[in-house]
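This report is meant for a reader who is meeting the structure for the first time. Please look over the sequence and the model below before reading on.

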Amino acid sequence: MPAYSTNMRLKFPILALTLEIITIILFAVFVDYDDGKHGGHGAHNTTHHEEKKDPLTLYPMFQDVHVMIFIGFGFLMTFLKRYGFSSVGLNLLLAAFALQWGLIMQGLWHLDDGKIKVSIFKMINADFSTATVLISFGAVLGKTSPVQLLIMTILEITIFSINEHLVAEILEANDVGASMIIHAFGAYFGLAVARMLYRPALRNSHENDGSVYHSDLFAMIGTVFLWMFWPSFNSAIAESGTDQLMAVTNTYFSLAACVLSAYAVSSLVEHKGKLDMVHIQNATLAGGVAVGTCADMDIGPFGAMIIGFVAGIVSTLGFKFLTPILASNLGIQDTCGVHNLHGMPGILGGIAGIVAVGAALASSLGFALVGGTITGGWRDCHSLSFKKSTSHLNRQFSYFIKLCSLFYTMPAGKHIFNNTVNNFSICTGLIMKLPFWGQPPDQNCFDDSIYWEVPGEEEEEEGEESLAHGDQKAEA
Amino acid sequence: MPAYSTNMRLKFPILALTLEIITIILFAVFVDYDDGKHGGHGAHNTTHHEEKKDPLTLYPMFQDVHVMIFIGFGFLMTFLKRYGFSSVGLNLLLAAFALQWGLIMQGLWHLDDGKIKVSIFKMINADFSTATVLISFGAVLGKTSPVQLLIMTILEITIFSINEHLVAEILEANDVGASMIIHAFGAYFGLAVARMLYRPALRNSHENDGSVYHSDLFAMIGTVFLWMFWPSFNSAIAESGTDQLMAVTNTYFSLAACVLSAYAVSSLVEHKGKLDMVHIQNATLAGGVAVGTCADMDIGPFGAMIIGFVAGIVSTLGFKFLTPILASNLGIQDTCGVHNLHGMPGILGGIAGIVAVGAALASSLGFALVGGTITGGWRDCHSLSFKKSTSHLNRQFSYFIKLCSLFYTMPAGKHIFNNTVNNFSICTGLIMKLPFWGQPPDQNCFDDSIYWEVPGEEEEEEGEESLAHGDQKAEA
Amino acid sequence: MPAYSTNMRLKFPILALTLEIITIILFAVFVDYDDGKHGGHGAHNTTHHEEKKDPLTLYPMFQDVHVMIFIGFGFLMTFLKRYGFSSVGLNLLLAAFALQWGLIMQGLWHLDDGKIKVSIFKMINADFSTATVLISFGAVLGKTSPVQLLIMTILEITIFSINEHLVAEILEANDVGASMIIHAFGAYFGLAVARMLYRPALRNSHENDGSVYHSDLFAMIGTVFLWMFWPSFNSAIAESGTDQLMAVTNTYFSLAACVLSAYAVSSLVEHKGKLDMVHIQNATLAGGVAVGTCADMDIGPFGAMIIGFVAGIVSTLGFKFLTPILASNLGIQDTCGVHNLHGMPGILGGIAGIVAVGAALASSLGFALVGGTITGGWRDCHSLSFKKSTSHLNRQFSYFIKLCSLFYTMPAGKHIFNNTVNNFSICTGLIMKLPFWGQPPDQNCFDDSIYWEVPGEEEEEEGEESLAHGDQKAEA
């Protein structure tokens, strides 16, 4: 049964070219360079830098984020033995389109003289928006066509931009490293789509749904680049100065602690005590996700380490025990386990943010009442956080709002809950389920050769062929 | 027929050591550290930064370019199944020598108290000069010995430095991202050399002239790093501030648009609509080449996207249809297809530069005549470009000059045209053709084992050997 | 004989979790964010930058060093055919723990109000301290369990921090790129441990102690990233401004010269003149090690090139001739040849530092006596070095001290010499030799599968199994 309806020759080029032409037209109408003159809504147009600032100050951080998006996400997914071309190749395609679409969708909320003025700050946010799509891509990896994925990109980026605007601007919740807005959103969106695209035939593990030795090493390129540059991800849009340093430091230590707990639990849950590459490749990164929301808060380096430590445990346990349950009981086939790397740690990040703000408030109130310094287990939280927050009340307010914004985002992809964003992710899945987008048949899932020219495998495949010939000869 | 005359034991070490010793002596005589005191010819010693500037401001951009040269070019060429050691290894060798030689050759035109004063700016330019050699290396990949390649490096860098000086300093053409000076030059130089080294026996594809699954993934490391850091390549030597931001932004969007069109056309030209890794690895980068010349001009983000969009189409079509014609009809065996990635997009960049300057001039003249603002399709070009260019006339002059400088550089490697630079590239090819440089015999082309100790291939080769033994036993 | 005592299920998780929890407690007590207020001992709190400096100025350099530690060291060791998971995976584990432990151990010497205040500068130094462990890891690669390696990490980091404090603070020796303090220390520490863990059964090369084609390409990822970012390693903690530029420039040229000599000698020592990947992967980096000590001194670009040139020769010869002797005669089985990449070039760096300071002093004295400028072979050293050094005498003093500090550090791991540090490294080896840390049996050395879940090798292993089945069937 060769790729009967999976021929992309017309569908894919027409969709890709049309989307790009539309995007170019939108850019012609709406997008201009940043001339540095507009009154800034961005975190970096702060008042204490009156002199003309180099517009490329954030450029090194932007490049770190860029590497995470294109090398990090791309190679992280190359662990599948026969799906490396798609992993890194479609990652490039989707991200390249998503950053253009994201810049428009995000920018329309912040027009400046009717224009979206592109700065490095906006380019970082455009890269961020691609992350949601790439996380969702991980959930449906191997089971979707390029056409389906481009459709998901358009819809998810659009919904993300609306959700981000609501969460960040209207509710004024703090989420500098985007634990909730990006990671939890992307994960639950992807899981909802994966649920819609459920394939009963894949219940028993597909022969290609696994790794080989070198594909696992390629995946480690992605893991390590994500791990190293995560401090840039969590601090890139933080206010420059002490806040940004705190975001870097917290993420650095959270990730370091996360490695130890992920390795320990990976060894603990396997009966021979061996380490599992799936855990190492993914759960070591959960600390970066979980510390995202409170990365720029004064939680103390040890606070960040506790968050990372817990995230590493939760994520590894998720891979071991939860993923099989999701697949068998809920019909959610989560190829890369994004629920464990982005979903649960994202929620953990939201909770950590609430605890951090709550503790800071409690500490401040105690300070006001007692007039003394809180000592002991939880450190002196108010000194810096006072300076940081413009007002005490603002913080208190966002403390409550954060809870709401969390639950607003969290169910974004869950098919159980029912709210606006959630409906959108299910609709996206339904649209992608339409039978004419060239989705692969079950037996061709997790296989590059259905959408890519794949070279022969040297000796191996030739060997197979010659064996086949040998058989024929033998029969003859 | 084992490697009879390809033994490098004396030829290569003597050449490499001699070249390095000569270079060290030249450095002792001519090269000194930059003490920050000299009156700047560099774009970054601008007058509005009177206070002492950190000499490492450009360092992050330098490192991005460095990664492009050593990881980007090196791994891009690892797509060949048996030539990965040479691709990344000889890339390192040639680039390490070329940057030293390039620094001297470029620096001799800009002596300061009789010394070449090394700054990060000069190191970026030295890295740039290596790019020309690495592009030409791509054209002759698999068919040349390390000795031949070192000879090409010396000669090409020398000619490049003269050409660059003529184009940039005397003709005053603008080429910030070096579409013409580096990319078109390197491509046509390499093609001329490839023509001189034509091997009729390789007309029918060599068995090693292809990829395997994992070699294509290694090549994607090169592709993605080149793709990500290209904005740094095109903006590193732009004037800091708005111009540099524009160069970054334009390259970012040009590359993003290029990905969509390259993928679309790759699928369109294959009868089953499958994507071809050769196109993805290369044509997705054409947008970076093509936007080079006008990267720091006010072409608008959508203008950059149009350039990238067209470059992706042209480059992919070139790989599909032009490369076979060049090989069969003109005797140019272009291993990596540098004509499609650097040659044609480089020329496209030159044309785009002319159009951009022409449009800006037309807009300015219209502005002077009508006294109003041009509205409509082409955007308000004069506001920023006026500030940027020191004078109106200078722009107008360089508009014409650019045409000339383009055609001065373009035929640099073409065997049809006939000018000074062109003669040099043919001479280089003739010198490399001399029979005592240890070039590989036809049957050993595209094979590391002729110049490298290559480890056994685990089961596979052992398997072959045991099969061979088996055969013998069977016969016995 | 399956992994009888190598089951890590309890030993490893308990150790890892305990260490992390202890570390978190230490962080809670001792570690705080840098608020930018303390009087700086760091090189970057210089007086001529009175205005509030961006605390992230060093961040791009930190990220370069970070990439060297996690990608560079990690992938450099993936050259072994069956030990890639451990190389890059245990590298991540050890470095993640070492940077936390290193920050505490180094910080305890520089308490500020009873706290270690984390800045980017401190994070760079924490990353540096991990390098010593990763170098020693290279010496014992393939022959140790994760538990043994964690123990080595604790002990080595602790001893390193004491030694660094003695060398850098008490003796006031200069070692900006840490040729001696990190590279020679890590190498000789690792060699002492390797000596203690000597395995007679591995005298005849183990079948897994070698590379395959693609594992060598993975290793080149490590090599090239180390090579590119070494200028950041050697300059990250140099005084900003001219010194830092000098450190970058010297390292850049030393590495470039080193490539040429390493390639030349690699070809020269092989009877067919072929290049050896072991040399290319390692000896090309020796120039970065050797120029470390005097990287920020005014040795002239050509001086740096001479150092790199010599280092490339020494290192390659070491791999070819010395490593076998160490293994057979001294019982030091140095898996990665760290003696050739870090040991000897580190000592060379110490000597180069002495020569550089001595020459500068000689030149200054000559200047004072003659009142004229020294001309000729050695360049005018005093102009910049006078500004750099706070006083002439200080330099003269450190000139002698450097000799002592060199020999203090050098024998750190040598079993011949006998001093305090040396005793510690032998003790570390003895502790690691205790029989209950789960070390691999001889026949399972250099094999991931003893500590990792390793996926089947596609056709190959399946082929082997089916062959085995075939055999059984054949017998049946």
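## Basis of the description

This is a predicted model, in which local features need pLDDT of at least 70 and side-chain atom pairs count only at pLDDT 80 or more, while totals for chains, interfaces and linings use all residues. Residues are numbered from 1 along each chain as its sequence is written, chains are lettered from A and ligands numbered from 1 in the order in which they are written, and side-chain values use heavy atoms, with hydrogens and water left out.

## Chain C against chain A

In this interface 70 residues of chain C are in contact with 64 residues of chain A, contact meaning heavy atoms within 4.5 Å. The two chains bury about 5,900 Å² between them, 72% of it on carbon and sulfur atoms; buried area is the accessible area (1.4 Å probe) that two parts lose on being put together, summed over both. R9(C), Y33(C) and E453(C) supply 13% of the area that chain C buries against chain A, more than any other three residues.

The count of salt bridges between chain C and chain A is 0, a salt bridge being a side-chain nitrogen of Lys or Arg within 4 Å of a carboxyl oxygen of Asp or Glu. Among the elements that give two or more residues to this side of chain C are α1 (11–30), β1 (31–33) and α3 (84–107), and the largest share, 12 residues, comes from α3(C). Helices (H or I, at least four residues) and strands (E, at least two) are DSSP runs, numbered from the N terminus.

## Chain C against chain B

Here the contact takes 64 residues from chain C and 70 residues from chain B, and the two chains bury about 5,900 Å² between them, with 73% of it on carbon and sulfur atoms. On the side of chain C, Y213(C), Y252(C) and L260(C) lose the most area to chain B, together 14% of what that side buries.

Across this interface the rule finds 0 salt bridges and 18 residue pairs in polar contact, both residues at pLDDT 80 or more.

## Aromatic rings

Over all chains the count comes to 54 aromatic pairs, in which rings of Phe, Tyr and Trp (its six-membered ring) have centres within 6.5 Å, with planes under 30 degrees apart counted as stacked, over 60 as edge-to-face and the rest as tilted. F62(A) and Y252(B) form an edge-to-face pair, 5.5 Å centre to centre and with 75 degrees between the planes. Because F62(A) lies in helix α2 of chain A and Y252(B) in helix α8 of chain B, this pair joins two chains. Both F62(A) and Y252(B) are buried, that is, under 20% relative accessible area (1.4 Å probe, protein chains only).

F75(A), F218(A), F75(B), F218(B), F75(C) and F218(C) form one aromatic cluster.

Conventions:
Buried < 20%, exposed > 50% of the residue type's maximum accessible area, 1.4 Å probe, protein only. Polar contact = N/O pair within 3.5 Å; in protein donor to acceptor, adjacent residues only side chain to side chain.
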